[in-house]
There are 2 protein chains.
Amino acid sequence: MSEDDLIARHFAPLAGEGGLGLLDDAALIASIPGHDLVITCDALVAGVHFFANDPADSIASKALRVNLSDLAAKGATPRGFVLALALPQQNDLWLASFALGLKRDIEAFAFPLLGGDTVKTPGPLMVSVTAFGTVPQGRMVPRTGARAGDALYVTGTIGDAALGLLERQGQISAGQGGAHLVSRYLMPVPRNALAPALLEHAHAAMDISDGLIGDLTKMMRVSGVTAEVMLADVPLSAGARSVVVMDEALFTRAMTGGDDYEILASIPPQKAQAFEAAAVALDVVVTRIGEVRAGTEAPTFLLTGGRALNVVGGSYSHF
Amino acid sequence: MSEDDLIARHFAPLAGEGGLGLLDDAALIASIPGHDLVITCDALVAGVHFFANDPADSIASKALRVNLSDLAAKGATPRGFVLALALPQQNDLWLASFALGLKRDIEAFAFPLLGGDTVKTPGPLMVSVTAFGTVPQGRMVPRTGARAGDALYVTGTIGDAALGLLERQGQISAGQGGAHLVSRYLMPVPRNALAPALLEHAHAAMDISDGLIGDLTKMMRVSGVTAEVMLADVPLSAGARSVVVMDEALFTRAMTGGDDYEILASIPPQKAQAFEAAAVALDVVVTRIGEVRAGTEAPTFLLTGGRALNVVGGSYSHF
């Protein structure tokens with residue numbers, strides 16, 4: 001099958017209006033007066049960010065969702081994406097499954113395919129997505145805006161994906177909670193529903209992709225502040241709790257592991273109540289975990305009893 | 001070096017205003033009232049689209065220029081790009097050279113870096129660029145708009161890169177012209193200067209990346225027309241002419257090989273003269289090579305004497 005045939009069969013049916021049927025060299029996004037375009041780009045490589053034998057539809061979902069998660073953190077409404085796909089071989093069944101995974105999330109998140117490039121590679125499968133969203137002009141929620149006194153919130157639960165990877169590799173067993181952990185590793189749940197509340201209330205936000213501790217540290221550093229985080233307040237799923245409760249090393253892994261794709265938000269104190277109410281209305285669970293402080297030292301992560309967690313490294317790095 | 005350090009050292013200095021110092025998860029493009037955003041994406045893989053030991057700065061240039069070429073063909077003014085880079089290993093000298101190649105073209109084409117993602121890969125180097133440009137609203141030059149009676153034009157010279165690859169591999173020797181051929185393989189010369197003339201005059205345009213014959217055939221097919229092309233009129237460089245003049249197989253290779261990154265444009269006959277004058281004013285050489293005809297059969301490519309070139313395949317496919 002030629003590249004054109006492959007695109008016509010698997011991808012053209014997924015193209016949104018701006019994708020021009022994937023017949024052109026380019027895609028179009030009409031300007032929306034009074035809005036800025038937010039652009040984010042995340043690439044996933046087999047053997048680094050996922051396993052080559054993961055289900056093709058879940059690889060497609062993960063590639064879209066890690067980008068949707070970035071848009072959510074910026075308060076942006078998703079508008080579409082382009083896809084660069086490097087394929088080690090042609091496999092029509094695999095491609096059909098991959099396209100089905102795309103289609104489900106294209107529909108679930110109103111996130112049309114606009115274009116892309118398909119190339120062959122002598123190396124591993126690589127999926128690179130560039131995603132587009134819009135925010136009202138000048139209103140993108142930055143990573144750099146946290147201020148002393150802000151309350152720090154996270155969505156969902158933290159550490160599931162990092163523990164899910166261990167569960168999948170047979171290194172831990174979370175019993176009944178194990179399937180949930182593995183599913184969160186395979187397929188993030190981006191918090192796009194929360195975007196309007198972030199736009200309205202947040203000083204700063206980012207998605208947590210490289211571990212809570214590392215990413216929170218990064219947000220404080222680029223904002224020129226520090227923070228105090230109460231680790232007992234960090235929300236854990238039942239599966240995560242069952243394995244970390246007696247094992248500080250695993251707890252540390254949960255706090256520093258990657259692939260959460262939850263949102264960390266810095267909310268001014270006078271808006272905290274309104275933010276919590278908005279999150280409830282949007283059906284997204286948010287939990288207050290700490291406070292931004294003046295200072296440029298690294299944030300403190302306090303365990304129950306007041307002892308600070310000793311983090312070596314701090315952030316999981318795919319790099 | 002962590003990914004953050006690598007970005008801070010090599011890429012943050014290249015970031016344009018919308019790149020937010022590469023400190024955020026996302027980039028911004030402010031909407032330009034009355035304009036559409038044109039998006040294009042081309043990925044290059046070592047061992048497929050370039051040689052792994054090509055100079056790093058020329059790999060960077062090629063990755064940007066193949067995308068700039070798409071923007072030119074759409075009549076778009078370049079606005080910036082995001083870069084997904086999969087690195088097989090860290091090599092600071094290589095990265096410095098790669099960044100220098102980016103910097104030169106960022107400056108030459110007023111084409112700022114807006115963001116991206118850097119990941120490691122167990123496979124070959126891969127560079128995926130998503131590029132942005134703007135056109136006045138509703139005015140993007142499509143690939144699908146060629147109409148019977150249009151004159152077909154190409155920019156520059158055709159076949160140099162395909163022959164440059166053979167020269168580089170020692171399969172041909174073009175003598176004094178050989179260096180020019182190899183340089184056109186390593187580093188395309190995108191025709192962004194021509195964009196205003198295409199916007200003003202072209203029914204359709206595309207950049208020629210997979211060979212003149214294949215790409216012209218594709219443009220006619222998606223436009224629902226056919227064409228007659230006089231191959232004697234196709235412009236050749238002195239180096240190309242010296243090797244193809246007595247060798248129809250090499251001539252065919254020049255007409256079907258990839259990596260020209262010249263522009264093919266379909267111009268209504270009443271605008272042909274104005275288009276040629278505009279091209280002269282913009283200092284871009286354009287040459288009329290044929291005419292669009294009604295019909296849905298494959299285009300005819302006529303040799304001197306009226307015999308049609310027998311093309312098997314027609315298009316070089318990297319895929």
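Which residue forms a salt bridge with Arg293(B)? That would be Glu228(B), with the closest N and O atoms 3.5 Å apart; a salt bridge here is a side-chain nitrogen of Lys or Arg within 4 Å of a carboxyl oxygen of Asp or Glu. The pair ties strand β10 (residues 286-293) of chain B to strand β8 (residues 226-230) of chain B, 65 residues apart, where strands are DSSP E runs of at least two residues and helices H or I runs of at least four, numbered from the N terminus.

Before going on, note that this is a predicted model: local features need pLDDT of at least 70, side-chain atom pairs count only at pLDDT 80 or more, and totals for chains, interfaces and linings use all residues. Residues are numbered from 1 along each chain as its sequence is written, chains are lettered from A and ligands numbered from 1 in the order in which they are written, and side-chain values use heavy atoms, leaving out hydrogens and water.

The whole structure holds 26 salt bridges over all chains. One of them joins Arg168(A) to Asp54(A) at 2.6 Å between the closest N and O atoms. Arg168(A) sits in helix α4 (residues 160-168) of chain A, and Asp54(A) in the loop between β2 (35-45) and α2 (56-73), 114 residues apart. Arg184(A), Arg191(A) and Glu262(A) form a salt-bridge network.

Now the copies. Chain A can be laid on chain B with an RMSD of 0.0 Å by a turn of 180 degrees and a shift of 0.0 Å along the axis, superposing by least squares on C-alpha atoms of residues with pLDDT of at least 70 in both. The two copies are thus related as by a two-fold rotation axis.
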